[in-house]
Amino acid sequence: MEIIEEDTWVCLEDNRNESKIVKVSEKKMVGWRKHKFDIGVILHKQYNTFWKIDKSNTVVEITSDQFYDNADLDNQIDDANIEITKTNKDLFDFNDSQKLTQEEIIQLKQQKEGEEIVDEVIQNSKTFEQKTEFSKAKYLKRKKEKYVCCFMVLKTTIDNVHKTQFLESPQKLNFMRIDSLAFFMQLSSITQNSNILMFDNANGVVVSAVAERLDGEGSISTVFWNHSKSNLRDYLPIQQMNFNEEILKSIKLIKNLEDIEKNQNKYTHLLIAGEFKFTEIIEKYLNLIAVGGIIVIFSTYLEKLHEVAEQLLSSGLCSKIDVLDSFLRYHQVLENRTHPKVEMNAFGGYLLQTYKLK
Amino acid sequence: MIQYGDTMILFEDGKPKQFITVTQGQTYQNKYGAYHHYTFLVKPGEEILSKNGTGPIYLMTPNPHLITETVPHKTQILFMADISMIILKLCLKPGQRVIESGTGSGSLSCSLAAAVGHKGRLFTFEFNKERANNGKELFAKLKINQATCFWRDVYTNGFLKGDDVENQGEFPQENSVDAIFLDLPQPWLALDHSKKMIKKGGRICCFSPCIEQVQKTALELRQQGWKNLETLECLKRHFERRVKQEQSLFDDVQKKVCTDQNKRVTYSSGINQAYGHTGYLTFAQYI
């Protein structure tokens with residue numbers, strides 16, 4: 001069993017399906033969901049464990065049952081026993097269904113645990129008993145998400161690193177949705193001994209994904225947007241992945257653009273993630289890419305990719321150029337209640353892929 | 001440099017067409033004429049002309065994406081969009097051990113093997129003997145040494161060696177694999193076996209085309225205590241460039257006189273033929 005070591009980054013995923021990535025060390029205070037707590041408690045404990053923040057803001061371990069009692073609530077209705085006799089025919093919104101006042105609830109928060117507050121709120125709801133089982137469950141879900149704060153501790157993966165970054169600010173990643181990142185990786189087909197020239201303007205997420213796949217057996221010459229001032233330490237995702245020395249060594253940070261041309265071997269991949277002046281990069285560095293090399297570009301703008309496609313075609317070095325985007329939809333799968341999720345992210349960016357031929 | 005015995009992917013008319021094993025003394029024939037295999041001994045991606053000096057073809061090093069586009073369809077295969085999501089959401093890393101069932105045409109197998117790299121292992125199970133042999137041949141041909149293909153019905157026999165004498169090679173051990181992928185008509189029948197193999201914290205993915213299958217799978221996953229269920233579908237959409245000469249409403253069409261403004265403009269457009277549905281991917285984690 002793997003143990004959480006000092007100074008490792010871990011991913012906390014809570015009962016709202018939100019996540020936060022933190023570095024664990026002794027007596028380290030973390031602020032999350034209006035709580036401030038000492039995350040050092042989980043040090044030297046196992047991954048995939050469950051924790052709760054109690055009323056005194058202390059982190060205590062709970063069982064997985066206790067956690068899923070407050071998360072994944074959709075699944076807690078026993079479909080077989082549902083009476084459909086109740087309807088919302090007699091429910092009216094007079095905004096007086098909750099007997100507790102706001103002050104009383106604030107007071108409760110200081111005295112009681114999250115679950116107890118939820119019970120209290122339900123008891124004081126005039127309409128709760130009249131609700132159908134489905135809307136009871138929905139109500140309970142909302143209240144538990146609001147008053148109970150529990151989380152599980154996961155290892156950081158490129159999936160949850162991307163998720164936290166994307167939720168925080170999608171524009172920093174140029175709106176590169178998770179499936180676009182997945183496509184980017186698959187289209188670039190990284191193998192061991194790849195010698196990659198990479199331009200990253202997506203806050204280091206793509207570099208992390210590429211470095212993880214390369215596993216230290218090759219090199220990634222990375223140019224960040226503000227290359228002269230860039231430092232690997234400034235890119236959180238690269239740190240959050242807990243890379244070993246070997247992998248970190250494979251990421252060669254390029255501060256001076258002239259260094260790109262100094263590489264003795266030709267590059268096997270030209271990967272561009274995020275906004276740059278693509279035509280300028282292609283014009284200057286296409287000759288440094290080996291014949292048979294792979295070119296993948298991600299952009300928020302379709303027109304920019306077509307501009308590059310035209311440039312590549314007229315260079316006569318590429319024949320088949322794919323420009324694509326992707327569609328991703330999540331589904332709720334429950335007995336008698338299966339349907340696509342209501343919330344959807346409708347835009348994930350565009351990708352271009354081609355091979356350099358001669 | 002390409003050498004005799006290498007299996008490469010042949011690009012014809014700019015598109016990947018087929019696998020080709022470069023063999024001494026052989027020729028390849030297409031509509032442009034004949035190509036001697038000795039002319040193939042160049043760098044991957046270099047232009048090769050036929051004896052008539054026409055029809056450039058290219059030989060490319062096989063990579064997971066190209067393999068998916070080239071592999072002969074013995075069965076319905078998994079495509080790039082689903083493969084990408086499977087690899088990312090299963091959190092595959094070099095050095096990990098992964099189980100797949102069934103092998104099918106081997107399109108996903110090659111991508112899984114590439115994701116776990118030469119330090120990792122792929123155990124792939126197929127219940128159709130011909131396809132299992134085809135899988136073995138494919139791995140041998142493409143020199144994917146980290147993958148082993150077994151001929152077996154996993155519903156009844158699971159993934160452990162047991163008293164199997166039919167299959168050669170290293171079998172996976174209990175509680176030792178990081179990820180499992182099931183592309184079976186009834187994935188819920190293989191979940192018991194999967195639970196035995198998966199490490200704590202490991203992930204599973206089930207691919208099913210029908211929502212009824214997904215519901216049954218999700219129910220069984222929950223009953224068995226798998227957590228963090230997530231069902232999704234992912235499709236790709238292509239775009240093309242079209243160069244259009246815009247006609248002005250005020251032009252004299254009869255005389256075909258164009259004004260200065262009617263220059264050629266490049267537009268991007270979608271392509272109306274696409275896959276509307278391949279299958280649902282259901283992910284879960286064993287905690």
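In this predicted model, A:F278, A:T279 and A:I282 of helix α11(A) meet A:K304, A:E307, A:V308, A:Q311 and A:L312 of α12(A). "Meet" here is a contact call: the C-beta atoms, placed from the backbone, lie within 7 Å. Sorted by class, the residues of this contact come out as four nonpolar, two polar and two charged. For those classes, Ala, Val, Leu, Ile, Met, Phe, Trp, Tyr, Cys and Pro count as nonpolar, Asp, Glu, Lys and Arg as charged, and the others, Gly among them, as polar.

A bit of bookkeeping: residues are numbered from 1 along each chain as its sequence is written, while chains are lettered from A and ligands numbered from 1 in the order in which they are written. Local features need pLDDT of at least 70, side-chain atom pairs count only at pLDDT 80 or more, and totals for chains, interfaces and linings use all residues.

Back to the helix pair. α11 (residues 278-285) and α12 (residues 302-315) of chain A pack at about 25°, with axes 9 Å apart. Axes are lines fitted to C-alpha atoms, for helices over the stretch in contact, and angles run from 0 to 180 degrees between N-to-C directions. α11(A) and α12(A) are therefore roughly parallel, the label for angles under 35 degrees. Their crossing is right-handed, as the near helix is turned clockwise from the far one by less than a right angle. Helices (H or I, at least four residues) and strands (E, at least two) are DSSP runs, numbered from the N terminus.

Over in chain B, an open sheet of three strands runs in the order β2-β1-β5, paired antiparallel. β2 (15-21) and β5 (57-60) of chain B are its edge strands, each pairing on one side only. On average, neighbouring strands of this sheet are turned by 35° against each other, direction ignored.

| Strand | Partner | Bridges |
|---|---|---|
| β1(B), residues 7-12 | β5(B) | four bridges |
| β13(A), residues 322-332 | β11(B) | nine bridges |

Which residue stands opposite A:L328 in β11(B)? That would be B:C234.

How values were computed. Angles under 35 degrees count as roughly parallel, over 145 as roughly antiparallel, 65 to 115 as roughly perpendicular and the rest as oblique. Two residues are in contact if their C-beta atoms, placed from the backbone, lie within 7 Å. Two strands pair if DSSP finds at least two bridges between them.
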